Amino acid sequence: QEEAPDDAVVRKGDEVRISAAMATLTEEQRQVVRLSFFEDRPHSEIAERLTLPLGTVKSRLRLALMKLRAHWEQYS
C-alpha cells in the first residue's frame, strides 16, 4: 500500500528533525541511543557490548534524552 503524499511529507519532516536532534549528541550518546531505542537493546546488553559500566550507559542515555528533548521542544 502506497503512502499518502501528506503522510510522506510529515514523515520526512520528522526524519529530518530526528536527524538534526541526533546530531546534537556526542558520538558516545548517539551510540547508546541507537542501541537502546532503534535496536531495542536492554541497558545491560548495551553496557556489555560497549564494555561500559551500567551506570555510564544510563547516565549517557539520560543526558542524551535531555538534549534531544530540548532540541525537539525548539521545533514544537
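**Exercise 1.** Which residues in α2 meet which residues in α4? Describe the packing of the two helices.

*Solution.* The model is a predicted one.
- Step 1: locate the helices. Helix α2 spans residues 27-38, and helix α4 spans residues 54-74.
- Step 2: list the contact. From α2 come Glu28, Gln29, Val32, Val33, Ser36 and Phe37. They meet Val57, Arg60, Leu61, Leu63, Ala64, Leu65, Lys67 and Leu68 in α4.
- Step 3: sort by class. The contact of α2 with α4 has 9 nonpolar, 2 polar and 3 charged residues.
- Step 4: take the geometry. The angle is about 95°, and the axes are 9 Å apart. Angles of 65 to 115 degrees count as roughly perpendicular. α2 and α4 are therefore roughly perpendicular to each other.

**Exercise 2.** Find which residues of α4 are buried, and which exposed residues lie on the face turned away from them.

*Solution.* 
- Step 1: check the length. α4 has 21 residues and reaches 31 Å from first C-alpha to last, close to the 30 Å expected.
- Step 2: pick out the buried residues. In α4 these are Val57, Leu61, Ala64, Leu68 and His71.
- Step 3: look down the axis of α4. The buried residues fall within an arc of 95°, so they line one face of the helix.
- Step 4: turn to the face away from the buried side. There α4 carries exposed Arg62, Glu73 and Gln74.

**Exercise 3.** Decide whether Ser36 is buried or exposed, and name its contacts beyond four places in sequence.

*Solution.* 
- Step 1: Ser36 is in helix α2.
- Step 2: apply the cut-off. Buried means under 20% relative accessible area. At 9% relative accessibility, Ser36 is therefore buried.
- Step 3: list the partners. Leaving aside neighbours within four places, Ser36 contacts Arg41, His43, Ile46 and Leu61.

How values were computed
Residues numbered from 1 in each chain as written. Predicted model: local features only at pLDDT ≥ 70, side-chain atom pairs only at ≥ 80, totals over all residues. Heavy atoms only, no water. Axes fitted to C-alpha atoms, helices over the stretch in contact; angles between N-to-C directions. Helix = DSSP H or I, 4+ residues; strand = E, 2+ residues; numbered from the N terminus. Parallel < 35°, antiparallel > 145°, perpendicular 65-115°, else oblique. Contact = heavy atoms within 4.5 Å. Nonpolar A, V, L, I, M, F, W, Y, C, P; charged D, E, K, R; others polar. Expected span 1.5 Å × (residues − 1). Buried < 20%, exposed > 50% of the residue type's maximum accessible area, 1.4 Å probe, protein only. Arc of directions from axis to C-beta.
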